[in-house]
Amino acid sequence: MNSVIGRLSNTLLHSVGIRANNVTCLPCRIITRNYAYHYPGEKKYNPQEAIQYDVSKDPEEWKYVSRLLPSKWIKDPLPKDSYPSGWKPPDPAALSLPYYVRRSKNHMIPVYLKISKRGQRKLTVIRHICGDIWLFHEDLKKFIENKCGKELGIKVDEVGCKLVIKGDHAYYASEWIKEQGF
């Protein structure tokens with residue numbers, strides 16, 4: 001092993017223009033990485049000296065910090081007769097059904113199209129399903145099969161509270177959810 005390293009070091013030195021005969025090297029690191037460069041005479045960074053802070057638990061001071069933190073939920077939009085984007089708020093009468101689709105934190109319907117395998121595989125995912133997920137599955141399957149005219153492959157994930165439908169059926173799923181008032 002040492003002879004191989006020695007020959008390699010002789011080759012490297014010869015390529016640079018330095019002539020060396022039978023240099024023996026022990027295995028060592030050839031390249032070192034220094035990510036930070038300091039100019040001569042420059043004071044090096046010492047984190048213990050640079051960071052000086054006090055922890056405050058005063059609510060008067062924390063009100064300035066809390067307004068900078070991102071909120072976990074977007075505030076409810078102002079109630080109107082119609083919105084320019086076509087968005088509709090959930091209908092309170094929909095809570096009487098045995099299942100419910102909760103909106104996302106941005107108040108949008110949680111229907112997503114997942115494209116994989118270079119566009120060859122398309123899955124429609126419906127999330128945030130509360131209540132009787134199996135009845136929801138049956139009702140949605142009937143609606144989409146009537147619209148498409150073909151049988152669907154649907155995977156029910158009870159623990160994850162979601163449905164995965166094989167194919168691109170995001171439009172029909174979101175339209176049905178809007179009809180139900182979720």
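In this predicted model, E175 has a relative accessibility of 26% and is therefore classed as partly exposed. E175 takes part in a salt bridge with K178, and the structure as a whole contains two salt bridges. Side chains of opposite charge can pair when their charged atoms come close.

- About one helical turn separates K178 from E175, because the two residues are three apart in helix α5.
- K178 is partly exposed, since its relative accessibility is 45%.

- E60 and K63 form a salt bridge in which the closest N and O atoms are 3.0 Å apart.
- Both E60 and K63 belong to helix α3, which spans residues 59-66, and they stand three residues apart, about one turn of the helix.
- E60 is partly exposed at 44% relative accessibility, and K63 is likewise partly exposed, with a relative accessible area of 42%.

- S174 lies in helix α5, which covers residues 170-180.
- With a relative accessibility of 15%, S174 counts as buried, the cut-off being under 20%.
- A polar atom of the S174 side chain is 3.0 Å from the backbone oxygen of Y171.
- When neighbours within four places in sequence are left aside, S174 is in contact with I109 and V111.

Note on methods:
Residues numbered from 1 in each chain as written. Predicted model: local features only at pLDDT ≥ 70, side-chain atom pairs only at ≥ 80, totals over all residues. Heavy atoms only, no water. Helix = DSSP H or I, 4+ residues; strand = E, 2+ residues; numbered from the N terminus. Buried < 20%, exposed > 50% of the residue type's maximum accessible area, 1.4 Å probe, protein only. Polar contact = N/O pair within 3.5 Å; in protein donor to acceptor, adjacent residues only side chain to side chain. Contact = heavy atoms within 4.5 Å. Salt bridge = Lys/Arg side-chain N within 4 Å of Asp/Glu carboxyl O.
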